[in-house]
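I opened the model to look up helix packing and the sheet. My notes follow.

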Amino acid sequence: MINQKFQSDLVHFPDFHTHQKGNFFSIFNVLPDDGIPDQCFSWGIHPWYLNENWEKELEKIAASSSNLRLIAIGECGFDLIKGPEPKVQMKAFEAQAQLAKKIGIPVILHCVKGTHLLQEYLKNHPEPPTIIWHGFNQNPQIAEKLLFFPICFSFGKALLKQNSNAQLWLQKCPLEKIFFETDNSDIPISEIYQQASLLLGLSTVQLSGQVKENWNRISNRKMT
């Protein structure tokens with residue numbers, strides 16, 4: 001049997017949302033003026049950066065839709081602490097979700113105090129693209145209400161905090177709806193997988209295989 005440390009050295013750990021370039025198996029989150037990286041990336045209009053020119057920014061994203069390294073739209077979504085009025089956020093999110101649906105790729109969701117806006121969007125759009133709620137650390141009851149929709153959950157550094165909402169929900173969440181990420185932290189993605197391994201009683205090899213399978217089920221742009 002391969003011991004866990006050596007096993008981890010052999011495993012590729014997909015990172016589904018990161019601000020760090022360089023990992024071939026990661027999805028780099030493009031922000032305004034970042035430029036298009038030479039790796040898989042997501043590109044969207046974060047609610048913090050929404051302004052009157054957001055439609056022009058969306059045109060740039062749409063113009064890159066044939067680039068096969070663009071494998072998700074986002075992060076985008078709702079933020080009632082920092083962002084424009086909810087009506088603007090909804091309009092921008094609807095447009096970005098429509099683009100993701102057209103390409104056949106998921107949306108990476110940023111959601112801060114905006115669950116009601118997400119629910120409103122889902123109510124009004126019966127066939128949305130798959131939405132991955134990144135950095136999920138909300139009350140598990142919120143997540144349970146979303147299980148009937150094409151919503152998945154990406155877990156990051158909050159998994160390392162004992163009894164966090166992220167820990168509690170990961171242990172209840174259907175395996176076909178889980179992903180892992182580093183976001184803007186310096187924590188190695190392998191540590192996130194190792195913590196999830198302990199919480200779920202599954203090997204990091206199994207988890208890596210599971211999330212790749214999850215991705216390939218929801219996206220036209222596959223992960224090998």
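I started with helix 3 (residues 86-103) and helix 4 (residues 115-124), whose axes come within 11 Å and cross at roughly 50°. Helix 3 is therefore oblique to helix 4 (under 35 degrees is roughly parallel, over 145 roughly antiparallel, 65 to 115 roughly perpendicular, the rest oblique). Axes are lines fitted to C-alpha atoms, for helices over the stretch in contact, and angles run from 0 to 180 degrees between N-to-C directions. Helices (H or I, at least four residues) and strands (E, at least two) are DSSP runs numbered from the N terminus.

This is a predicted model: local features need pLDDT of at least 70, side-chain atom pairs pLDDT 80 or more, while totals for chains, interfaces and linings use all residues. Residues are numbered from 1 along each chain as its sequence is written, and side-chain values use heavy atoms, without hydrogens and water.

Which residues meet between helix 3 and helix 4? I found Pro86, Met90, Phe93, Glu94 and Ala97 of helix 3 against Leu117, Glu120 and Tyr121 of helix 4 (contact means heavy atoms within 4.5 Å).

I then checked strand 5 (residues 107-112) and strand 6 (residues 131-133): they run parallel, joined by three bridges. Leu109 has Trp133 in strand 6 as its bridge partner.

Note on methods. Pairing = 2+ DSSP bridges.
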